[in-house]
Amino acid sequence: MSAVDTSTPSAVLPKAVPLTPGRVSWQREALALVVGFALLALLPLVITDSYSRHVLIMIFIYGVVASNWDLSLGYGGVFNFGHLALFGIGVYAYSLLTKLAEMNPWIALVVSGLIAVVAAVAVTVPILRLKGIYIILVTFGFAQLVMQVILSQSDYTGGTQGIVRIPTVTWFDHNMVRDAKFAYFYIALAMLGASTVFLRALVRSRTGISIVALRDNEEYAVSRGISLARQRLITLAASAFFTGIAGAFYAAYQRNASIEVFGMSLATIILSMVLLGGTSTIYGAIIASFVLTVFSESMADFGAWRPIITALLIIVVMLVYPSGIMGMLKSASRWMTRSRNG
Amino acid sequence: MALLELVDVAKSFGSLKAVDGVSFSVEAGEIFGIAGPNGSGKSTLFNVITGIPFGPDRGMIRFDGEEIGGLSGNRIARRGLARTFQRETSFDGLTVFENALMGLSFGATKMPAAQAHEATAEALTFVGIDFASFGRLAGELSVYQRKCLMLATAIAMKPRMLLLDEPASSLTKPEIEASVELIRRIAGRGITILLIEHVLTFLMSLSQHLLVLNQGSVLAMGAPRSVIEDPRVIEAYLGTRRAA
């Protein structure tokens, strides 16, 4: 485009403008997603021990929580530090629904996700007109409030003792305990797959694009008819559904609920995954959940040095590649394309 | 009937009266210019009309016969009143195409995806952004290109009225000339234009009516030629001649 080109339109517009100029087409992305998840589905054929499968299941759970946080934090630019509280709400909602209300565990999984959505809507209302540090304060306060409510209702929640022997999901007559975590692996993978498809479809939609528009320039977005309140509500509610389900699945898998899910330790790990992976990508958070968990596990022999080495790795990567692992992969892809073209 | 009508509109920040009892009306289909020295309240006036980021403290703003003074910014925009900003503004994390798509998706006219896609491409090419730039990130564009993109997102909204806030600022002479031509073409689509500019020659070449603001109040209003010859306008722009 020349600096002052004001030529009339019809002469330059080609017959078929791609649906998403400058972006990977949805067909290519869908194909890559199917291939990626098909490869993950084959993992239990080569990874047969229950410990390694447990690590993979935890990666999938972390991947769901981190990628959903990327929706609100990365795409939406909303510093929601109450995201892990939504995970905790999923944990306790499932535990209480299955243990006290004796609800079917599969139904409880979905209902727990919906309860997390309701909680997200409740926390969104006071932050609708807030920015930056004030959103952090309110959402952090929300997480503390939820934790205090759970602690205060110890007759039902077990307080600091937590809840044990939580009913788990069943699959017809399949023995969930003695299959070396085979069934849990596929349930967790299906959850990650559903969450990823949901998130990618959302961020590629016009609603998803409007979420980024609001992040980039709030006043400009409003001047184009975008409702700040409505889109922020959608962002937080959408990021809560699978986070709540992940919490519910975590409770069903571990068969216990502990107040530790509200602690800073887990929140720091998940936030590291979002940032290390590269924000506003969804895939980055999932890849980082693999990288960080596997790296941390491989450092098991280093004892107390393990978290220190992991933290140093994160700092180095963020300094060299502020756009994280996805930024690194994009740079590598561009370099390979340039090399191929000479 | 006037498309936009303001009666005794005011906006204060503490003791500062940024807009002080402004009244005027804009007829459908015209280009209406607003001039004034820096700090005269031009941009604040745009802000209170569009509700972005704030509405008026008092007065009545009527658009297409309906009061819009108390509405939120996005609702006013959806009624067909679009605006641009003084500084080149874009959604930097989105592509050029996605920027324009935003204007269309939440504007006055709702349309199915395929039609929206076509209309987005049309709005972009109308302002002179060629197909090769559709996939570029908006943040990579030059100042002039981003100003054109801002106009494309506004046009994509299918507005009835467009408020242009200093479209010539930060542009070179050829770019200003191209902007004048582009604004004429936009008006040719039947869009009423309210134009702020402190460069009088720019306003004179486009406006059918001219209003001059000074310290938040209307100093003069009428045909452009008579307005700029008004001694009060000359004084506001150039100051008084010192007695010999």
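**Transmembrane regions**

I looked up the UniProt record first, an unreviewed entry, which places the feature "transmembrane region" at residues 30-47, 78-97, 103-125, 132-151, 183-203, 233-253, 265-295 and 307-329 of chain A. UniProt positions are given in the numbering used here, feature names are shortened, and annotations may be inferred rather than shown by experiment. This is a predicted model, in which local features need pLDDT of at least 70 and side-chain atom pairs count only at pLDDT 80 or more, while totals for chains, interfaces and linings use all residues. Residues are numbered from 1 along each chain as its sequence is written, chains are lettered from A and ligands numbered from 1 in the order in which they are written, and side-chain values use heavy atoms, with hydrogens and water left out.

I then checked two of these stretches for helix and strand (DSSP runs, numbered from the N terminus: helices are H or I of at least four residues, strands E of at least two). Residues 103-125 of chain A are 91% helix and 0% strand, with the end C-alpha atoms 30 Å apart. For residues 183-203 of chain A I noted 100% helix, 0% strand and end C-alpha atoms 30 Å apart.

**Aromatic rings**

I counted rings of Phe, Tyr and Trp (its six-membered ring) as a pair if their centres lie within 6.5 Å; planes under 30 degrees apart are stacked, over 60 edge-to-face, and the rest tilted. This gives 20 aromatic pairs over all chains. One of them is the tilted pair of Phe87(A) and Tyr250(A), at 5.4 Å centre to centre and 55° between the planes. Phe87(A) is in helix 3 (residues 83-99) and Tyr250(A) in helix 10 (residues 228-254) of chain A, so the pair links parts 163 residues apart. Both Phe87(A) and Tyr250(A) are buried (under 20% relative accessible area; exposed is over 50%, partly exposed in between, with a 1.4 Å probe and protein chains only).

Trp171(A) and Phe172(A) form an edge-to-face pair, 5.3 Å centre to centre with 75° between the planes. Phe172(A) is exposed, because its relative accessible area is 73%. I also found one aromatic cluster made of Phe60(A), Phe182(A), Phe185(A), Tyr186(A) and Phe290(A).

**The cavity**

I searched on a 1 Å grid over the protein atoms alone, where a cavity is a set of points at which a 1.4 Å probe fits but cannot get out, and lining residues have an atom within 4 Å of a point. The search of the whole structure finds 1 cavity of 30 Å³ or more. The largest cavity holds about 110 Å³, a volume being the space filled by probe spheres set on points joined across faces, edges and corners. Its lining has 14 residues, and Lys147(B), Cys148(B), Leu151(B), Pro167(B) and Ser179(B) lie nearest the centre. Helix 5 (143-156), strand 7 (161-165) and helix 6 (173-188) of chain B each give two or more residues to this lining. Helix 5 of chain B gives the largest share, 5 residues.

**Backbone**

Most residues other than glycine have a negative phi, and most peptide bonds are trans. I noted a cis peptide bond between Ile52(B) and Pro53(B), with omega about 0°. Pro53(B) is in the loop between helix 1 (42-50) and strand 4 (58-63) of chain B.

Lys181(A), which is not glycine, has a positive phi near 65°. Lys181(A) is in the loop between strand 1 (163-164) and helix 7 (182-204) of chain A. Lys181(A) counts as partly exposed because its relative accessibility is 26%.

Terms used
1 Å grid on protein atoms, 1.4 Å probe; cavity = no way out; pocket = protein on both sides within 12 Å on 5 of 7 lines; lining within 4 Å.
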